[in-house]
Amino acid sequence: MNGIQRQWDDFHSYVERRDVIFYYVGYFSQTIIAAMADAVKLRVEHVGAVAQTRRKLFSSFIEMAQNIVHYSADSYAGEGHTAPSMRHGAVFISLTGERYYLYCANPVNADVAEKLREKLEHLRSLTIEQIKLEYKETLRAETPADSKGAGLGFLTMARDASAPLEFEFSPPNADGTSMFYLRATI
């Protein structure tokens with residue numbers, strides 16, 4: 001067996017042992033998210049997730065990917081574009097026992113990190129009933145001026161999760177960015 005094949009087999013074996021059912025690291029755009037969404041749908045059907053679990057996995061996956069598109073500090077603007085068209089990050093979904101775990105990671109600027117920390121710590125302090133109530137209230141409210149969405153992303157994940165959302169930030173790099181890590185349990 002040559003070196004490349006051995007590396008591939010080692011990686012494939014690792015993925016199988018960890019029950020990774022989807023993994024992507026690279027640049028995210030709306031087009032890439034749509035393609036990944038199709039793959040995620042097929043993979044979670046293939047592993048036998050029930051309909052309600054598939055819906056929760058899918059919606060949480062979309063929210064994680066959208067957060068990367070909106071907030072990743074590592075961006076790429078295509079030639080001739082002034083606004084970033086793609087942002088860098090990673091997502092993966094694993095299955096352990098009866099639980100699905102969705103992970104995402106992306107670099108964020110310090111000001112974004114603080115806003116994310118505040119939102120997530122607030123959500124972790126709420127009961128599921130309070131999360132559902134806040135979700136309904138947010139649906140009816142005006143979109144905040146500093147939001148790149150309707151403000152429902154973390155609420156959606158928290159509502160669909162079977163445990164509180166978990167998160168961490170790496171120590172800041174020299175450029176002031178930190179890696180943001182998020183895990184949702186379904």
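This is a predicted model: local features need pLDDT of at least 70, side-chain atom pairs count only at pLDDT 80 or more; totals for chains, interfaces and linings use all residues.

Me: How many aromatic pairs does the structure hold?

Reply: Two aromatic rings pair if their centres lie within 6.5 Å. The structure holds eight such aromatic pairs. In one of them, the ring centres of tyrosine 27 and tyrosine 76 are 6.2 Å apart and the planes stand at 55°, so this pair is tilted.

Me: Which parts of the chain does the pair of tyrosine 27 and tyrosine 76 tie together?

Reply: Tyrosine 27 belongs to strand β1 (residues 20–28) and tyrosine 76 to strand β2 (residues 75–76), so the pair links parts that are 49 residues apart in sequence. As for accessibility, tyrosine 27 counts as partly exposed because its relative value is 30%. Tyrosine 76, at 42%, likewise counts as partly exposed.

Me: Is the pair of phenylalanine 169 and phenylalanine 180 stacked or edge-to-face?

Reply: Planes under 30 degrees apart count as stacked. Phenylalanine 169 and phenylalanine 180 have 25° between their planes and 5.1 Å from centre to centre, and their pair is stacked. Phenylalanine 169 lies in strand β5 (residues 166–169) and phenylalanine 180 in strand β6 (residues 178–185), so the pair ties together parts 11 residues apart in sequence.

Me: Are these two residues, phenylalanine 169 and phenylalanine 180, buried or exposed?

Reply: A residue is buried when its relative accessible area is under 20%. Phenylalanine 169 has a value of 16% and is therefore buried. Phenylalanine 180, at 2%, is also buried.

Me: Which residues form an aromatic cluster with Tyr23?

Reply: Tyr23, Phe92 and Tyr103 form one aromatic cluster. Tyrosine 23 lies in strand β1 and is partly exposed, with a relative accessible area of 45%. Apart from neighbours within four places in sequence, tyrosine 23 is in contact with Val91 and Phe92.

Me: Where does a charged end sit over a ring?

Reply: The charged end of lysine 41 sits over the ring of phenylalanine 58, at 4.9 Å from the ring centre. In another case, arginine 159 lies over the face of tyrosine 135, 4.3 Å from the centre of that ring.

Me: What describes two packed helices?

Reply: The description consists of the angle between their axes and the distance between the axes. Here, helix α2 (residues 30–46) and helix α3 (residues 51–71) pack at about 155°, with axes 10 Å apart. Because of this angle, α2 is roughly antiparallel to α3. The crossing of α2 past α3 is right-handed.

Me: Which residues of α2 and α3 meet?

Reply: On the α2 side they include Ile33, Val40, Lys41 and Val44, and on the α3 side they include Leu57, Phe58, Phe61 and Ile62.

Me: How many residues of helix α6 are buried?

Reply: Helix α6 (residues 153–160) is mostly covered, with seven of its eight residues buried. Among them are Gly153, Phe154 and Asp160. The buried residues of α6 pack against α3, α4 (110–124), α5 (128–140) and β6.

Me: With which residues is threonine 156 in contact?

Reply: Threonine 156 is placed in helix α6 and counts as buried, at 6% relative accessibility. Neighbours within four places in sequence aside, threonine 156 is in contact with Ser59, Glu63 and Tyr135.

Note on methods: Residues are numbered from 1 along each chain as its sequence is written. Side-chain values use heavy atoms; hydrogens and water are left out. Rings of Phe, Tyr and Trp (its six-membered ring) pair if their centres lie within 6.5 Å; planes under 30 degrees apart count as stacked, over 60 as edge-to-face and the rest as tilted. Helices (H or I, at least four residues) and strands (E, at least two) are DSSP runs, numbered from the N terminus. Buried means under 20% relative accessible area, exposed over 50%, partly exposed in between (1.4 Å probe, protein chains only). A charge sits over a ring if NZ of Lys or CZ of Arg is within 6 Å of the ring centre and within 35 degrees of the ring normal. Axes are lines fitted to C-alpha atoms, for helices over the stretch in contact, and angles run from 0 to 180 degrees between N-to-C directions. Angles under 35 degrees count as roughly parallel, over 145 as roughly antiparallel, 65 to 115 as roughly perpendicular and the rest as oblique. A crossing is left-handed if the near helix is turned anticlockwise from the far one by less than a right angle, and right-handed if clockwise. Contact means heavy atoms within 4.5 Å.
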